[in-house]
Amino acid sequence: MSRTPLIAGNWKMHKTVPEAEAYIQGLLPRVSTADGVDVAVCAPFTALQALGDSVRGSRVEVYAQNMHQAPQGAFTGEISAAMLTDVDVHGVVLGHSERRQHFNETDRALSEKVPAAMNAGIKPILCVGETEDERERGDTERKLRHQVQEGLEKLETQRLGDVVIAYEPIWAIGTGKVATPDQAQEAIAFVRALVADRDREQAERTRILYGGSVSPDNAGELLGLPDVDGALVGGASLEVESFAAIVEAALAVARA
């Protein structure tokens with residue numbers, strides 16, 4: 001089954017509204033002909049509405065970086081799925097390791113956030129990955145099994161193929177370290193096998209991204225791996241030139 005590659009740029013806590021608008025105006029002409037590759041920018045909450053207006057009618061989608069699982073309530077500082085759809089957000093990053101580490105995001109909460117996003121028509125990117133200590137102890141598969149199984153636990157089987165999963169080894173995020181092609185392929189194939197444990201056909205539909213110091217220099221090799229369906233790009237997504245180059249690398253792989 002052919003899976004459309006997704007290149008998503010996670011801006012994290014970067015870019016004011018004017019900076020975001022200037023960026024997107026530079027990006028749109030660079031990716032306008034990238035047929036066969038889905039492109040998204042994951043922006044801070046403050047820039048979502050302006051970006052939604054700027055990308056309307058283009059091939060670029062706008063994703064949020066987090067959302068709460070409840071439709072409303074006494075959750076100071078949080079954003080609901082309905083608030084995101086209100087400003088035409090297409091998707092949301094859930095469970096990024098920085099959310100898990102700094103804001104105590106749990107797999108239990110994610111098991112509710114994933115279906116909440118789907119029910120609102122928002123595409124979730126569920127992030128999973130191991131620490132350096134866990135990899136060195138041989139615990140990578142144990143960690144991935146727990147995160148994937150619990151994160152998808154409350155999602156109906158027939159919807160598994162609509163979830164995007166991003167494998168991001170925590171030791172490679174923002175460090176300049178990159179998983180070797182063998183490490184990335186092995187981990188992502190294992191994640192796909194975990195989805196297949198519930199439904200093999202849905203697993204063939206599920207897009208699984210690699211994230212962790214993705215750059216124009218390594219994108220072609222990583223995106224060419226059999227089970228890698230795109231990338232969640234951090235630092236390299238903050239500049240139009242480098243992000244567009246990664247999209248172009250995905251396009252070259254898709255057309256090869």
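Helices α10 and α11 run roughly parallel to each other, since angles under 35 degrees count as such. In this predicted model, α10 spans residues 216-223 and α11 spans residues 240-255. They pack at an angle of about 25 degrees, with axes 9 Å apart. Axes are lines fitted to C-alpha atoms, for helices over the stretch in contact, and angles run from 0 to 180 degrees between N-to-C directions. Helices (H or I, at least four residues) and strands (E, at least two) are DSSP runs, numbered from the N terminus.

From α10, Pro216, Ala219, Gly220 and Leu223 meet α11. Their counterparts in α11 are Ser242, Ala245, Ile246, Ala249, Ala250 and Val253. Contact means heavy atoms within 4.5 Å. Eight of the contact residues are nonpolar, two are polar and none is charged; Gly counts as polar.

Eight strands close into a barrel, in the order β1-β2-β3-β4-β5-β6-β7-β8, with parallel pairing. The twist averages 25 degrees from one strand to the next. Strands pair if DSSP finds at least two bridges between them. Strands β5 (residues 123-128) and β6 (residues 164-167) pair in the parallel sense over four bridges. Val128 has Tyr167 in β6 as its bridge partner. Helix α11 also packs on the sheet, touching β1 (6-10), β2 (38-42) and β8 (230-233). The direction of α11 makes about 165 degrees with that of β1.

Residues are numbered from 1 along each chain as its sequence is written, and side-chain values use heavy atoms, leaving out hydrogens and water. Local features need pLDDT of at least 70 and side-chain atom pairs count only at pLDDT 80 or more, while totals for chains, interfaces and linings use all residues.

Note on methods:
Parallel < 35°, antiparallel > 145°, perpendicular 65-115°, else oblique.
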